[in-house]
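Dear colleague,

I am passing on the structure below, and my notes on what was found in it follow directly after.

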Amino acid sequence: MAANAKLTKTNDLGFFEIRLESIGGLGANLAGKMLAEAGVIRLGFNGSNFSAYGSEKKGSPVKSYVRFANPETSIRDSSPIEEPHVVAVFHEALFRTQNCSSGLKEDGVLIVNTKRTPDEIREQTGLQSGTIVCVDALGISVDEKTRINTAMLGTLCRIVDFLDPDAIRSMISDTFIKKYPALVESNIRTFDRGFEEVNVKTYELTDGQHVAPFVRPEPALGYLTQPMGGTVVNPGNSILKDLSASRQGFLPSFERDVCIHCAACDQVCPDYCFVWQPQTDAKGRQFQFLQGIDYQYCKGCLKCVEACPTDALKSLREDDGYADGHKVAQIFHLV
Amino acid sequence: MALQEHEVTGKHNETDLYAQEVDFRSGNEMAAKAAAQINYHIMGYFPITPSTEIAEYLDEMKAAGEHDIVLIPADGEHGSAGICYGAATAGGRVFNATSSQGFLYMIEQLPVQSGTRFPMVLNLVTRSVSGPLDIRGDHSDLYYGLNIGWPILMAKDPQAVYDMNMIALRLAEHHDVRLPVIVAQDGFFTSHQKRRVNFFSDRKAVESFVGETPKGYTDSLDMEHPKTIGPYMNDPDYINNKLQQSEAMYRAEEVYLQLAKEYAEISGREYGLLDLYQMEDAEVAVFLLNSASETAKDVVDKLRKQGIKAGVVAPLMIRPFPKKALQEALQNVKVLLVGERADSYGGHGANMTHEVKSALQESKAATKVLSRIYGVGGKDFYADDAEHFFSLCLDVVAGKEVKAFDYFGQTEGKAEMLPQPVIKPLSKEETTGFVSVEQDEATGKLKVKVPPLRALTAKAKRIAPGHGACPGCGIFPGVETFMKGIEGDVVVLYQTGCAMVTTTGYPYSAHKVMYIHNLFQNGAATLSGALEMFLERKRRGEIAIGDDITFIMVTGDGGMDIGMGSAIGTALRNHKMIILEYDNEGYMNTGSQLSYSTPLGHMTSTSNIGKSQHGKLFHHKDTAQIMAATNIPYVFTSTEAFPQDLIKKAAKAQWYAKHDGMAYGKILIACPLNWKSPDHLGHEIVQAAVDSCFYPLYEVEHGVTTITYNPEDKNKRVAVGDWLKMMGKTKHLLKAENADLLKEFEHEVDRRWMRLKARHENEYL
């Protein structure tokens, strides 16, 4: 055990805390586990690691927590990390629906998997001070045919100065060598590129600015307002939710001109995204016509593309703004 | 994880039998590790969050040949408790793990086992109790266990889970005890949190501590000494059995202390009856169970720096209740706050509060006791929460008025945030007039008219977008395609499962129609109750004659395992309702454990692949045939990949449910996540399942079987392997080393298909 393991920065309880923000399926939990294991088993720190899930489904937001302490410090706290030193966002679409940088310390580090710049991220998140680190983990992993979590581990290791990159490298080798020996080299490369290819910018608080103290979020309904028995009295309210952050880079594009309105897409869609309206055809008969896709609910499974007998639906790499620009809103009978 | 470090503990040196390793593991991993090292004979189990992982880890280790425990997947927790009880009578070592409703479902069996005095170890990974359904950690299940006659050890962190499991087995088997024992750890907070831990490197260390299974007790396999286990015993004898049991329970305290001492000698880790932190001179203290007590210790450190004499008491055993130790620990405490992660509604404080108060009353202590219900439903317990508890104690010391009993951590809510209606209820017109069913007077056969899918897009969906299912989930196209065949008003009941969890995450609901949830042991019975109330209120004129409602229960294949009894009972009573089963071949909501519908050789998290195991060990259940055997008027199978077939059968099911009695239908649906298949291919995979004749499409009307799509006639039959190769969970079956397994599976598929064809040919089969 490395007896000289020593944290460079800690909170009141002696912890250095990291929070990973992701959606199920991107490997953030595994990344958190590998990071913590490397710290505890290879570098001799004390540590803990756990996750918070929504309904444990792929595409739903997940958080993974890593707590490090010096070897002699005991870790008793089991509560989630609210005011981390480092936040790593694996999926930038989450910024639309989650306050990913919540509680980040004044000199904290926000790592984002993005092609954008720290300034652009700062503008979107409103982060006042601290360091923003941008890394195109998705681009790296597409190049290397690996997963983004290894690239994110590389960046985390670059930022968290007490983590020895060699320890993580050997950990990655050991993890892959058992089941997928062919993937060791590409994953090490992915890790190294995540370590190297970072765009870092630090922001200081200007005079008069201060970081607002962390406030723990509260549920929308309380014991005075929650309907008796836990009954949901306004069912169908799920239409208010935005599920676009569940997509992992692809969505179906719709070209109406070649659509034959067969409804095969509508029948296979798990998320009820297809919008139909009655219209009269050239002969004056009334039929249902497909108007478009409500991307607010589309999780990008692309079953519709598979089902489409024509070229009306195609798989498209999602660019920023495409979904908003091409969304056809579902028609609901609103109250 | 490769292990590199050896830690020398206790009085032993490095070459010692008792050498330990450092690792980084969760509470569930440590429970599984302990069980594997003990090498129990039998584990009977049923998956439930958050204890499921224990069986999963054990299955993984079993596949890798790391232990010999026979893992028996039960039909429900009641069944798992039965398996464990039977196995315990038969003279070997028995293990189980459960949580929440699972514990409540098995609880009927648990006093049987303690009353007849058969040891075993049950890991209770504590979780909130329904309803509404909550999967997070609290102690409301644990408190139901206080009166079942099982000693209960409390494991506050992953290390203690391992250690307590060692001590628990010895305690259970001890001559002076002979009782089944519970080891309780906090769901998620401990079960799913990895920590730095130690365990014995060599299983022999564990073997030397637990020893051989003690002999000389009742053993149902001891043919030379036949005995009657569990007689019919009324008064005046029963009370004497109970006194024996009561005395054994009290003896468990002393035996535990001896064993803990013995264990400390080999492990270097000491456990007493109470975990006391800064209690020597504490004036204010909190009494908390398990993980929260650890959080409070950090706060004590902080308060001590401010000169406040604060302390923490955490019992490591709550049955028997450590009365004497507690009296001693609290004798100089001015104010104690008992925090409880469960309520005993109406009791002016939950169970621990009253047991602590009762102990203090006997010792005539002047300690004032406050009681707070906190953290129920898994609400996190932060350091500032613990600090608040201490501040309440200090208020009492300062002479302020403080409520003796209260809830802590609740939210009042703001009037302006009251839930507002969002969408209008579906009108009859939106769901009526699309599909029609007529009975041919001459033949009695039903004729169904189904318009093209395009026209059916005008029919309102019963489920709204915005649910949280995984991308490519087959449930929603499956259920909605079925619903296209259903006209008019419906009341739906969803049993616990993916469809329920993803559509009703509070405060949201994706159901546009009337919806009820009940736990999956009992959905069919519950809906039959609602249906009969509808019919009776209609008969009494309390509901307009014209009103008609179709009652539909929606369940997964898991719900048809644990809820099979309820479904069969409901079918035998022939209620006028529909059961729709979506079958994705596993318990996907809890993380892909095998269901009885999982086919042979398929990989799940409890039917792993390794050198000693190659996926599921037995064939898939034929639920449609089981339901057909109840002689209900209509049974069908269908799937999303054949929409016209499915819609037509849905319409028939509704007709039968209105005119004759119960209808049951099964739809095979894709689970890309756990089938390990691409999100976009669900439709094609279930089509291949049909074309391979693994999943034939047919219906049984009043006992007469009709195959509604025969891939052989259409020249579309594909080899079973062509379907299996589409999924990651079955790819291994196509490897040469599994040729025999594949052959056995193909043979079973063919046998069932040939039998079905025979039934199709002959109306009396």
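Helix α22(B) is followed by B:Gly661, a residue whose phi is positive, near 160°; please keep in mind, here and throughout, that this is a predicted model. The helix itself covers residues 643-659 of chain B, and its 17 residues reach 24 Å from the first C-alpha to the last, close to the 24 Å expected at 1.5 Å a residue. Of those 17 residues, 14 are buried, so α22(B) is largely enclosed by the rest of the structure.

Turning to chain B as a whole, its secondary structure comes to 26 helices and 28 strands, and its C-alpha trace spans about 90 × 65 × 60 Å along the principal axes. The radius of gyration is 29 Å, which agrees with the value near 27 Å that a compact globule of 765 residues would have. Buried residues make up 56% of the 765 residues in the chain, and, among contacts with a separation of 6 or more, 76% are between residues 24 or more positions apart.

As for the interface, 78 residues of chain B are in contact with 80 residues of chain A. The elements of chain B that give two or more residues to this side include the strands β2 (20-25) and β9 (194-200) as well as the helices α10 (291-305) and α16 (475-484), and the largest share, 5 residues, comes from α10(B). By class, the side of chain B that touches chain A has 36 nonpolar, 24 polar and 18 charged residues.

With best regards

Notes:
Residues are numbered from 1 along each chain as its sequence is written. Chains are lettered from A and ligands numbered from 1 in the order in which they are written. This is a predicted model: local features need pLDDT of at least 70, side-chain atom pairs count only at pLDDT 80 or more; totals for chains, interfaces and linings use all residues. Helices (H or I, at least four residues) and strands (E, at least two) are DSSP runs, numbered from the N terminus. The radius of gyration is taken over C-alpha atoms; the globule rule is 2.2 Å times the number of residues to the power 0.38. A residue is buried if 20 or more other C-beta atoms lie within 10 Å of its own, exposed if 12 or fewer, and partly exposed in between; C-beta atoms are placed from the backbone. Two residues are in contact if their C-beta atoms, placed from the backbone, lie within 7 Å. The expected span of a helix is 1.5 Å times one less than its number of residues. Ala, Val, Leu, Ile, Met, Phe, Trp, Tyr, Cys and Pro count as nonpolar, Asp, Glu, Lys and Arg as charged, and the others, Gly among them, as polar.
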